[in-house]
Amino acid sequence: MMKTGRCYECFVFHSTLVGVGDVISQQVLERRGLANHNVTRTAKMMSIGFFFVGPAIGSWYKVLDKLVTGGTKSAAMKKMLVDQLGFAPCFLGAFLGISGTLNGLTVEENVAKLKRDYTDALISNYYLWPAVQIANFYFIPLHHRLAVVQIVAIGWNSYLSWKANKM
């Protein structure tokens, strides 16, 4: 029972952070102002955080910790490489695809948007996340890694929200 409560809390946490990222995206990056804030878009982004981001990342870190064991610098580097070369490309594609679907894009429009935005998002990912992940995998215990990632992810989520909702 307690485990389920923690998972639910974790998903709510991710939902909130993705929502905060969208608010920052709309208010700071896009400069919409409060009167033009798209609340429906924020709700969609929060649902992606709850149903996709939280479960995917939370499960992935548990799997990754079993795939690559140890707390050495070498293990941290291996975890970062597996994470960034295996998980990140799939996660980004799925995130952009899901957001396109929730935004009502047709399959053809979604594919075109992925072709336009995916490479740029992946390159941007590689500017930020490898350094964060090496530090995360080397210094941070497993039960805190998700929180570290999500704190950094507020800024990242702002970028992803802007990228995912730019038509």
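User: Which residues of α4 meet α5?
Analyst: In this predicted model, Lys-113, Asp-117, Asp-120, Ala-121, Ser-124, Asn-125, Leu-128, Trp-129, Val-132, Gln-133, Asn-136 and Phe-137 of α4 touch α5. The α5 partners are Arg-145, Val-148, Val-149, Val-152, Ala-153, Trp-156, Tyr-159, Lys-163 and Ala-164. Contact means heavy atoms within 4.5 Å, and helices are DSSP runs (H or I, at least four residues; strands are E, at least two) numbered from the N terminus.

User: How do those residues divide by type?
Analyst: Twelve are nonpolar, four polar and five charged. Nonpolar covers Ala, Val, Leu, Ile, Met, Phe, Trp, Tyr, Cys and Pro; charged covers Asp, Glu, Lys and Arg; the others, Gly among them, are polar.

User: At what angle do α4 and α5 pack?
Analyst: About 160°, with 11 Å between the axes; α4 is residues 107-139. That makes α4 roughly antiparallel to α5. Axes are lines fitted to C-alpha atoms, for helices over the stretch in contact, and angles run from 0 to 180 degrees between N-to-C directions. Under 35 degrees is roughly parallel, over 145 roughly antiparallel, 65 to 115 roughly perpendicular, and the rest oblique.

User: What about α2 against α5?
Analyst: Helix α2 (residues 39-67) packs on α5 (residues 142-165) at about 140°, with the axes 11 Å apart. The two are therefore oblique to each other. Their crossing is right-handed. Among the residues in contact are Val-53, Ile-57 and Tyr-61 of α2, and Leu-146, Val-149 and Trp-162 of α5. The contact has eight nonpolar, four polar and three charged residues.

User: Where does UniProt put the transmembrane region feature?
Analyst: The unreviewed entry places it at residues 45-64 and 85-106. UniProt positions follow the numbering used here, feature names are shortened, and annotations may be inferred rather than shown by experiment.

User: What are the ground rules?
Analyst: Residues are numbered from 1 along each chain as its sequence is written, and side-chain values use heavy atoms, without hydrogens and water. Local features need pLDDT of at least 70 and side-chain atom pairs 80 or more, while totals for chains, interfaces and linings use all residues.

Notes: A crossing is left-handed if the near helix is turned anticlockwise from the far one by less than a right angle, and right-handed if clockwise.
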